[in-house]
Amino acid sequence: MKNVLLQAPDAGMLPQLLMFGAIILVFYFFMIRPQQKKASDQKKFREELTKGMYVVTIGGMHGKLVAIEGETVTIEVDRGVRLLFDKASVSMEATMKMQKPKDIAG
């Protein structure tokens with residue numbers, strides 16, 4: 001049995017390199033690329049913010065955008081109560097959930 005195993009042909013490094021390359025491709029397509037797409041979608045969302053939009057911050061504050069100045073936004077949370085936030089604190093996911101039309105049964 002020892003002699004048979006010792007006489008097995010050496011496949012070289014090609015299969016190992018192919019496996020390593022496959023692992024890198026899987027890692028890229030399942031982890032890196034989706035993160036890049038999500039970051040690009042968030043950037044696009046923040047650039048498209050407009051006055052009058054109802055938004056949700058990452059802290060859960062709901063309100064209406066009343067002013068956008070550079071990298072800051074002013075959100076009116078109640079009549080006469082305005083808070084200043086950084087644009088990065090507006091949550092795309094929570095805002096989109098809030099703005100989806102609610103299904104009405106019946």
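**Exercise 1.** In this predicted model, find how exposed R82 is, and then find which residue R82 meets in a salt bridge.

*Solution.* The relative accessibility of R82 is 52%, and since exposed means over 50%, R82 counts as exposed. Turning to its partner, we find that the side chains of R82 and E76 meet in a salt bridge, with 3.8 Å from N to O. E76, at 21% relative accessibility, counts as partly exposed.

**Exercise 2.** Work out how far apart along helix α2 the residues D41 and K37 are, and state what joins their side chains.

*Solution.* Begin with the position: D41 and K37 both belong to helix α2, which covers residues 14-47, and because they are four residues apart, about one helical turn separates them. Their side chains meet in a salt bridge of 3.4 Å, N to O.

**Exercise 3.** Describe the order of the strands in the open sheet, name the edge strands, and say which helix lies across β1 and β2.

*Solution.* The open sheet has four strands in the order β1-β2-β3-β4, and their pairing is antiparallel. Each edge strand pairs on one side only, and these are β1 (54-56) and β4 (81-86). From one strand to the next, the twist averages 45°. Finally, the helix lying across β1 and β2 is α3 (residues 92-99), which runs at about 135° to β1.

Methods. Residues are numbered from 1 along each chain as its sequence is written. This is a predicted model: local features need pLDDT of at least 70, side-chain atom pairs count only at pLDDT 80 or more; totals for chains, interfaces and linings use all residues. Side-chain values use heavy atoms; hydrogens and water are left out. Two strands pair if DSSP finds at least two bridges between them. Helices (H or I, at least four residues) and strands (E, at least two) are DSSP runs, numbered from the N terminus. Axes are lines fitted to C-alpha atoms, for helices over the stretch in contact, and angles run from 0 to 180 degrees between N-to-C directions. Contact means heavy atoms within 4.5 Å. A salt bridge is a side-chain nitrogen of Lys or Arg within 4 Å of a carboxyl oxygen of Asp or Glu. Buried means under 20% relative accessible area, exposed over 50%, partly exposed in between (1.4 Å probe, protein chains only).
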